[in-house]
Amino acid sequence: MQKVGVIGSGTMGNGIAHVFAQNGYQVNLIDIKTEALERALATISKNLDRQVAKGKIDEQTKTDALARITTFTNVVDGVSECDLVVEAATERLDLKMKIFKEIDAAAPENCILATNTSSISITELASATNRPDKVIGMHFMNPVPVMKLVEIINGYSTSAEVTQTIEDLSKKIGKVPAMANDYPGFIANRILMPMINEAIYTLFEGVGGVKEIDTVMKLGMAHPMGPLQLADFIGLDVCKAILDVLYDGFGNPKYAPCPLLVNMVNANKLGVKSGEGFYSWTHGTKDLVVSKSFS
Ligand code: CAA
């Protein structure tokens, strides 16, 4: 395993490219827009600086990591010599199916095709390819350079050999793998999203305010941040989309997104990325200021 293609240069894609490059792999970072690729390289450089400042890596490691990343706007060129491709495009089934068809046609026969999806079925994505045994979920957590977990998801036809390769590789890049099978939400979001949804219900029903809910979970349960703050970081649209997958997949009303979450998504109050969610983020992510709608 030497060359890794990463499709999508957004938050997750640039984090994944960063981690592979820092650990000695040649990375082809692929996106349709040149500007997105330029932004991604600037973000990776800034995040490597952060690691240098914290004494986690030295300047040379940063320079070497950046030198290992090549950018592409064309999927065929980007994946044609890869041993592994990790797809981290927008979380939409139709888009991911199209991408899997494309990379299956262009990548070498032995190349493993992984997806960073947070909830879409690996088995369904594998059905877009002629190599379902080589399709697997590799779910990184945000912020990717910091979070230790890689949730590895076996599709229905993923071979044991491919699973072992990805498990070993995850360890080589400094992560801790946890294996899951391919059912809606896998492990991470099957547990995380109902907790976030319940926190939103707690606010919706007036049991507690934004600060109180997050304080209870932070100080009472030693979570690093409260569920409402975390929802703002993840993006309320993403939280709703994952809850929709759980609800559709299990047909159980307990997974239905809280009406307040649905309203906020419709109002484009998506959290950090739109500047407002449960908190106001227009001033940055340092201070926690409860959004006017809830204060
Ligand atoms: N997403 C994006 N950025 C995050 C983040 C998250 N979940 N959590 C923290 N950050 C950012 C902070 O905004 C901060 O950025 P700036 O310096 O630019 O303001 C930076 O990371 C450092 O954060 P802290 O000041 O909290 O630094 P720390 O070193 O004390 O802790 C941390 C870092 C361990 C990442 C801690 O913040 C933490 O535990 N955060 C929660 C992480 C988490 O739960 N991630 C999982 C999200 S779910 C997911 O990714 C999968 C999915 O499918 C939805």
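**Entry 1: ligand shell and domains**

I looked up where the shell around the ligand comes from and found at least three residues from each of domain 1 (3–181) and domain 2 (189–290). These bounds come from an automatic or database domain assignment. The C-alpha centres of domain 1 and domain 2 lie 27 Å apart.

I note that this is a predicted model, in which local features need pLDDT of at least 70 and side-chain atom pairs count only at pLDDT 80 or more, while totals for chains, interfaces and linings use all residues. Residues are numbered from 1 along each chain as its sequence is written, and side-chain values use heavy atoms, with hydrogens and water left out.

**Entry 2: make-up of the shell**

Helix 8 (188–204) and helix 10 (227–234) each supply at least two shell residues, and helix 10 gives the most, with three. Helices (H or I, at least four residues) and strands (E, at least two) are DSSP runs, numbered from the N terminus.

**Entry 3: contacts with the ligand**

Which of the 18 residues around the ligand come nearest? I list Arg50, His139, Asn142, Asn189 and Thr285; a residue counts as near if one of its heavy atoms lies within 4 Å.

I then checked polar contacts (pairs of N or O atoms within 3.5 Å; within protein, one must be able to donate a hydrogen and the other to accept it, and residues adjacent in sequence count only if both atoms are side-chain atoms). A polar side-chain atom of His139 is 2.9 Å from a ligand oxygen atom. For Asn142, a polar backbone atom lies 2.8 Å from a nitrogen atom of the ligand. Thr285 places a polar side-chain atom 2.8 Å from an oxygen atom of the ligand. The ligand taken alone exposes 980 Å², of which the protein buries 67% (Shrake-Rupley method, 1.4 Å probe).

**Entry 4: backbone around Asn142**

I recorded a cis peptide bond from Asn142 to Pro143, with omega near -5 degrees. Pro143 sits in the loop between strand 6 (135–140) and strand 7.

**Entry 5: strands 7 and 8**

I found strand 7 (residues 149–154) running parallel to strand 8 (residues 176–181), joined by six bridges; pairing requires at least two DSSP bridges. Asn154 has Asn181 of strand 8 as its bridge partner.
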